[in-house]
Amino acid sequence: MAEILDIAKRGMSLIYGPPGSGKTSLALRVASRIADKVLWISTSEGPELLRETAKRLAVDPAKFDFYDFPRAFQQDIARYILDHAPSYGAVVVDSVEGVTGRQNIDVVAHSVLYQISKEKPVILVAEEETPRVAYIADHVVHVWYRKNSLGHVVRYIQLEKSRLMPPGPKYIFDIVEGFGLFYIKQLKFRGEENWVEDSGLGKVVLIKSGICIHSESLKNIAELLSKIHSEAIFLKIGPWTSFRGVKITPEKLFVAQTFHDFFKLAILLHTQQLRAKYLVVGGLLNIPDGEIDDYLSMLYAYADYVDFIVFTAVGPKEETKRLEKYCEEVIYV
């Protein structure tokens, strides 16, 4: 995310959030972009684990000197950072609580870490919100996640404070093996105002847009989708979808068993390992209204790689009309 990279180049940045949210991965990725050599002080993970994590993120571990300090030697850690920071282009402390302790966290953060940040970037990682450090820090980034009703874990990131720019929007992100961090900004469809007559859909439609296909008959949906299935990828969300009557070859069917699978599909499209004119989505009605925006943000991003996002729904019209607000065009069959 460009704004986080921009602000992290100057001053002291605090990245905070619950365990497992991706704080360390974010700090690794950001630090690798802002300096050629990074001093990494860890009180929670050993050097070998950090090197493996860097490789998974497509980050060169050689950029980092990883040092693992027991929390029992807090005074020695602060002194070590102060003595060795001049030899590096940036400093990362993970976690800041392990270096300072809760009682004097603001004193050490200001008297040692903030003073270093006047000369080079400093990134602090914290497992919870630390108001006294957040007050001192030039920039504050929040990383968190939630588990939704489908059992999918969705990760979020947001720039909450910066002395250089206003707070940023919330992003959805995940860690993709060998690729790094993949971010999705919460967007709406970006139609290019280019209307075309599409023979497969049988309508004049807006390219790069969302199309809703409704029917009370599964057979009618299958008949329409059979006209486009040779140029389509089918994405199944949840336990039931409305394209069960279509003969879909395994390479054209993508099942989202976790939210991470949406990012895998994005990578396949981005790298052109998969190509399609249509992305047909089934099962969106399995998702409650309060959670659907996360999925739509991912689906909207696919419009960079396909011409149309096609949402299918089978059932009484009053039930399937729930999808219409997410589409530029509605087709009843």
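Helices (H or I, at least four residues) and strands (E, at least two) are DSSP runs, numbered from the N terminus, and covering residues are in contact when heavy atoms lie within 4.5 Å. The model is predicted, so local features need pLDDT of at least 70 and side-chain atom pairs count only at pLDDT 80 or more, while totals for chains, interfaces and linings use all residues. Residues are numbered from 1 along each chain as its sequence is written, and side-chain values use heavy atoms, with hydrogens and water left out.

Which residues of H3 are buried? In this helix (residues 47-56), they are Leu50, Thr53 and Ala54. They lie on the same side of H3, because they cover an arc of only 100 degrees around the axis. That arc is taken from the directions from the helix axis to the C-beta atoms. Buried here stands for under 20% relative accessible area, exposed for over 50%, and partly exposed for values in between (1.4 Å probe, protein chains only). After H3 comes Ala58, with a positive phi near 60 degrees.

The neighbouring view is that of the two helices together. The axes of H2 and H3 come within 10 Å and cross at roughly 70 degrees, where axes are lines fitted to C-alpha atoms, for helices over the stretch in contact, and angles run from 0 to 180 degrees between N-to-C directions. This angle makes H2 roughly perpendicular to H3, a label for angles of 65 to 115 degrees; under 35 degrees counts as roughly parallel, over 145 as roughly antiparallel and the rest as oblique. On the H2 side, Thr24, Ser25 and Leu28 meet Leu50, Thr53 and Ala54 of H3.

Further along the chain, some loops deserve a look. The peptide bond from Asp94 to Ser95 is cis, with omega near 5 degrees, and Ser95 sits in the loop between strand S4 (90-94) and helix H5 (96-100). Lys208 is not a glycine, yet its phi is positive, near 60 degrees. This lysine, Lys208, belongs to the loop between strand S11 (203-206) and strand S12 (209-215). Is Lys208 buried or exposed? Lys208 is buried, with a relative accessible area of 13%.

Finally, Leu268 is part of helix H9 (residues 260-270). Leu268 is partly exposed, at a relative accessible area of 23%. Leaving aside residues up to four places away in sequence, Leu268 touches Phe254, Gln273 and Leu274.
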